[in-house]
Amino acid sequence: MSTHAHLDEDLRALLVGWTAPTEAQEQLRQDYLAHLDTHEDASAKAGPPAHFTASCLVVDEAGERVLLTLHRKVGRWLQFGGHIEASDASVADAALREAVEESGLPAGALTLRPRLAQLDRHALGSGFTRCTEHLDLRWVAVAAAGSDPVVSEESLDVAWWPIDALPPDTEDSIRELVALA
């Protein structure tokens, strides 16, 4: 019996209803729908080795800074995100939960923008076990003024970065997400 059926249904509704901003994003949207059609529990960590994840870029109210995590396994500055859990009410809720868990900000300090912002498919390195690829769905959340992050066990550091001075090794997909935010 499927543990993530309600989340796979939510994924389908999100992807069908989302207007991709570029041709590349539209191709990913179509690829994601095909993956969803092919795999049961496609959003479960215990599902296929390539599975859906949810993430969230946190921005300040002024839109001048982004909050990033120095990811413990990856060793790079990234947005917050991770696996979708069966207890999540929706994929968007999973993205917000991940942002709260990894940033240390209280849930009430973050306001999730309602629309999906970006898709990103990426292979995983050797720091991951059975996961080989993440099919990520990304949102943007706005942090209330004065929100102070706390480093979680999943991070080496958490810090605010000016949008025009991101860490030098920031991946292009994250730079694009920052521009969308």
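Does Ala95 count as buried or exposed, and at what relative accessibility? At 0% relative accessibility, Ala95 counts as buried, because the cut-off for buried is under 20%. The legends below describe a predicted model.

Figure 1. The predicted model contains 4 helices and 8 strands. Along the sequence, they follow the pattern α-α-β-β-β-β-α-β-β-β-β-α. The radius of gyration is 15 Å, close to the 16 Å that the globule rule gives for 181 residues, so the protein is as compact as a globular protein of that length. Its C-alpha atoms fill a box of roughly 45 × 35 × 30 Å along the principal axes. Take the contacts between residues at least 6 apart in sequence: 69% of them join residues at least 24 apart.

Figure 2. Buried residues make up 49% of the 181 residues. The protein exposes about 8600 Å². Carbon and sulfur atoms supply 53% of that area. There are 14 positive and 30 negative side chains. The centres of these two sets lie 2 Å apart.

**Figure 3. The largest nonpolar core.** This core has 34 residues. Tyr32, Phe52, Val58, Leu119 and Leu137 touch the most other members. A second, separate core has 14 residues, including Val66, Leu70, Leu177 and Val178.

**Figure 4. Phe52 and its contacts.** Which residues does Phe52 touch, not counting residues up to four places away in sequence? The list holds Leu11, Tyr32, His35, Leu36, Ala42, Ser43, Ile84, Leu135 and Leu137. Two of these partners, Tyr32 and Leu137, are named with Phe52 among the core residues that touch the most other members.

**Figure 5. Ala95 in helix H3.** Ala95 is found in helix H3. Its relative accessibility is 0%, so Ala95 counts as buried. Leaving aside neighbours within four places in sequence, Ala95 is in contact with Ala54, Ser55, Cys56 and Trp139. Now compare Ala95 with Pro21. The two are 74 residues apart in sequence and 20 Å apart in space, C-alpha to C-alpha.

**Figure 6. Ala92, also in helix H3.** Ala92 has its place in helix H3. Why does Ala92 count as buried? Its relative accessible area is 18%, and the cut-off for buried is under 20%, so Ala92 qualifies. Leaving aside neighbours within four places in sequence, Ala92 is in contact with Asp10, Leu112 and Trp139. Trp139 is also a contact of Ala95. Ala92 and Leu180 are 88 residues apart in sequence. In space they are 17 Å apart, C-alpha to C-alpha.

**Figure 7. Leu67 in strand S2.** The place of Leu67 is in strand S2. Leu67 is buried, with a relative accessible area of 0%. Which residues is Leu67 in contact with, leaving aside its neighbours within four places in sequence? They are Val58, Phe80, Ser103, Leu105, Pro149, Val158, Ala159 and Trp160. One of these, Val58, is among the residues that touch the most other members of the largest core. Leu67 and Ala143 are 76 residues apart in sequence, and 9.0 Å apart in space, C-alpha to C-alpha.

**Figure 8. Leu70, on strand S2 as well.** Leu70 is found in strand S2 (residues 65–71). Leu70 belongs to the second, separate core. Its contacts, not counting residues up to four places away in sequence, are Gly75, Arg76, Trp77, Ser155, Leu156 and Asp157. Leu70 and Ala117 are 47 residues apart in sequence and 22 Å apart in space, C-alpha to C-alpha.

**Figure 9. Ser173 in helix H4.** Ser173 is found in helix H4 (residues 172–180). Is Ser173 buried or exposed? Ser173 is buried, with a relative accessible area of 12%. Not counting residues up to four places away in sequence, Ser173 touches Gln118, Asp120 and Arg138.

Methods
Residues are numbered from 1 along each chain as its sequence is written. This is a predicted model: local features need pLDDT of at least 70, side-chain atom pairs count only at pLDDT 80 or more; totals for chains, interfaces and linings use all residues. Side-chain values use heavy atoms; hydrogens and water are left out. A nonpolar core is a set of buried Ala, Val, Leu, Ile, Met, Phe, Trp, Tyr and Cys residues joined through side-chain atoms within 4.5 Å. Buried means under 20% relative accessible area, exposed over 50%, partly exposed in between (1.4 Å probe, protein chains only). Contact means heavy atoms within 4.5 Å. Helices (H or I, at least four residues) and strands (E, at least two) are DSSP runs, numbered from the N terminus. The radius of gyration is taken over C-alpha atoms; the globule rule is 2.2 Å times the number of residues to the power 0.38. Accessible areas come from the Shrake-Rupley method with a 1.4 Å probe; for residues, only the protein chains shown count as cover. Lys and Arg count as positive and Asp and Glu as negative; His and the chain ends are not counted. The place of a charge is taken as NZ of Lys, CZ of Arg, CG of Asp or CD of Glu.
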